[in-house]
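Take a look at the fold, then read on.

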Amino acid sequence: MTHRRTRALTAVAIAIAGTLSPTATAATTASACTPGATYGPPLPSPTVTAQLVRGGFNFLEGPTWDQRTGTLLLSNMQSPTGPQGVQPSTVVRFTPPSTFDTFIPNSGSNGLAITPDGTRLLAATHDNRTVSSYSTTDRSRTTIAANHLGRAFNSPNDLTIRADGTTYFTDPTYQRGNRADEQGGRTGVFRVRDGVVSLVDYGLSQPNGIVLSPDGTTLYVGATGNNAIMKYPVNPDGSTGNRTTFATMRTPDGATVDCAGNVYWASYDEGLIRVFSPSGTPLGTISAGRNTTNAAFGGPDGRTLYITSGTPGAFGLYQVRLNVPGNPY
């Protein structure tokens, strides 16, 4: 299980691996979110059902919308192979309304996130137990987080990007396979900024989905083993404060947020997206079959929620129209 990829705020520049990317234009960073706007209820009704776009995938994860190209990128993970039991993965591209093709073969990825300028695709890459950055033009790959204090991660799962380039990611054991445990039995949450990896929290059981609030001041993490969503205050320098419990739910997986700060969290066991207000009040559910893994906003106006859900060997991409656009989308 894993989950997705969301960044906070609209940035004109983003630092990746210590290098400042070119300033993005307004066209590439334009958001559906209106500063200071007041939004109504996010769901058309307390219970909503998503519609299947296409099935037949093995195991989908980590959707992220590329507004520059108007496409959705997502990881299609395969069954474990080889003596180490590592799961191969491919980044698939969906061009609405119905076209799918391979964007990055052999990506080794789970959770994904597009940088605000659209030039890089960040990926939690379990194939080599790192966080990677792919060029969206030539697909070249670099590493932005190789280890913590010289110890290999378990299997980076999901990630989220702040406007200043700080990237936060989770490290459960789901895709570690038969490789050595170098984290001493711990599963963690980390951040990386300018190539420096720092610990956020070693106290969660199988941290999974991770997402930032629209203003980048709150970090949410789904702890699958604790059946809870935690939240952390984020300081101006990207460091985090003490965690508190935001909400409880069964098997939280991937997540996303909308412009009003509402939080959408996938419940793997329930086959649902559970929606919470910024205060943690339950607002309703979105049904998407079985084993829901992740979600991301997309579409020209940011109001289409894409959901990955299914059973291994029979996963599908679902979609549903909602009232509030995603941030970002």
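## A disulfide and its surroundings

Cys33 and Cys259 are joined in a disulfide, with their sulfur atoms 1.8 Å apart. Cys33 sits in the loop between helix H1 (26–29) and strand E4 (47–49), while Cys259 is in the loop between strand E22 (252–257) and E23, so the pair ties together parts that are 226 residues apart in sequence. A search of the whole structure turns up one disulfide. Is this disulfide left-handed or right-handed? The torsion about the S-S bond of Cys33 and Cys259 is about -85 degrees, so the disulfide is left-handed.

Are the two cysteines buried or exposed? The cut-off for buried is under 20% relative accessible area. Cys33 has 18%, so Cys33 is buried. Cys259 has 14%, so Cys259 is buried too.

Keep in mind that this is a predicted model. The chain has a mean pLDDT of 90, and 90% of its residues reach 70 or more. Be careful with residues 1–30, though: pLDDT stays under 50 there, and the model has 132 contacts beyond four places in sequence for that stretch.

E22 and E23 pair in the antiparallel sense over four bridges, and Ala255 has Trp265 in E23 as its bridge partner. E22 is mostly covered, with six of its six residues buried.

E23 brings us to the inside of the protein. In soluble globular proteins, nonpolar side chains tend to be buried together. Here, the largest nonpolar core has 16 residues, and those with the most contacts inside it are Tyr264, Ile273, Ile286, Leu305, Ile307, Val320 and Leu322. At least two core residues come from each of these strands: E23 (263–267), E24 (272–276), E26 (292–298), E27 (304–311) and E28 (314–321).

Zoom in on Ile307 for a moment. Beyond its neighbours within four places in sequence, Ile307 is in contact with several residues, including Ala50, Ile273, Ile286, Ala288, Leu317 and Val320.

## An open sheet

Elsewhere there is an open sheet of four strands in the order E10-E11-E12-E13, with antiparallel pairing. Its edge strands are E10 (109–114) and E13 (141–145), each of which pairs on one side only. From one strand to the next, the twist averages 30 degrees. Strand E11 (residues 120–125) and strand E12 (residues 130–135) pair over six bridges in the antiparallel sense, and Ala123 stands opposite Ser132 in E12.

Which peptide bond is cis? The bond from Pro96 to Pro97 is cis, with omega near 10 degrees. Pro97 has its place in the loop between strand E8 (89–95) and strand E9 (99–104).

| Residue | Phi | Loop between | Relative accessible area |
|---|---|---|---|
| Asn227 | about 50 degrees | E19 (218–223) and E20 (228–233) | 35% |

Methods. Residues are numbered from 1 along each chain as its sequence is written. This is a predicted model: local features need pLDDT of at least 70, side-chain atom pairs count only at pLDDT 80 or more; totals for chains, interfaces and linings use all residues. Side-chain values use heavy atoms; hydrogens and water are left out. A nonpolar core is a set of buried Ala, Val, Leu, Ile, Met, Phe, Trp, Tyr and Cys residues joined through side-chain atoms within 4.5 Å. Buried means under 20% relative accessible area, exposed over 50%, partly exposed in between (1.4 Å probe, protein chains only). Contact means heavy atoms within 4.5 Å. pLDDT is the predictor's confidence in each residue, from 0 to 100. A disulfide is a pair of cysteine sulfur atoms within 2.5 Å. Two strands pair if DSSP finds at least two bridges between them. Axes are lines fitted to C-alpha atoms, for helices over the stretch in contact, and angles run from 0 to 180 degrees between N-to-C directions.
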